Amino acid sequence: MTTYIMLLNWTDMGVKNVRESPRRLDAVRKQLAEMGGAFKEFYLTMGEYDMVAVCEAPDDAVAARFALQIGAGGNVRSHTLKAFPEGAYREIIASLG
C-alpha cells in the first residue's frame, strides 16, 4: 500500500462545529477502510495546519477520491502528499547513478 501524509485545516464550518470533529474523524476513518485504505496515525497540531493524518491507500486514485470526499463535507481542506518509505528513498537515490 502507498502512504500519504494529509495536512488538514478546518474550514469556518469545521471550526464552528469542532465538538463534532471526533465523530467526523471516526466516520472518515471508516470511509477510508471501506475503500481499502487505513489511517495509520492522526495528530492534532499547532502551527500552519490543524491536523496531520498518515494514511495508506491501495493507489493514487483511491487517495484522490478520499481527499475529494472529505473536502466535499465542507469541514476541512486538505493538502495530500505521497510519501516514500526509507527503503524506496534509498532505491530512488541509488538509481541516480
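1. Which element gives the most to the lining of the largest pocket? In this predicted model, the answer is helix H2, which gives five residues to that lining. The other elements that give two or more residues to the lining of the largest pocket are strand E1 (2–10), strand E2 (38–44), strand E3 (51–57) and helix H3 (60–72), while H2 itself covers 21–34.

2. The largest pocket holds about 310 Å³ of space. It is lined by 19 residues, and those closest to its centre are Arg 24, Leu 25, Val 28, Ile 70 and Val 76. Sorted by class, the lining of the largest pocket has 12 nonpolar residues, six polar ones and one that is charged.

3. The largest cavity contains about 50 Å³ of space, and the residues that line it include Tyr 4, Met 6, Leu 32, Glu 56, Phe 66 and Thr 80. E1, E3 and H3 are the elements that give two or more residues to this lining, which by class has eight nonpolar residues, one polar and one charged.

4. Is Phe 84 buried or exposed? Phe 84 counts as exposed because its relative accessible area is 51%, and the cut-off for that word is over 50%.

Key: Residues numbered from 1 in each chain as written. Predicted model: local features only at pLDDT ≥ 70, side-chain atom pairs only at ≥ 80, totals over all residues. Heavy atoms only, no water. 1 Å grid on protein atoms, 1.4 Å probe; cavity = no way out; pocket = protein on both sides within 12 Å on 5 of 7 lines; lining within 4 Å. Points joined across faces, edges and corners; volume = space filled by probe spheres on them. Helix = DSSP H or I, 4+ residues; strand = E, 2+ residues; numbered from the N terminus. Nonpolar A, V, L, I, M, F, W, Y, C, P; charged D, E, K, R; others polar. Buried < 20%, exposed > 50% of the residue type's maximum accessible area, 1.4 Å probe, protein only.
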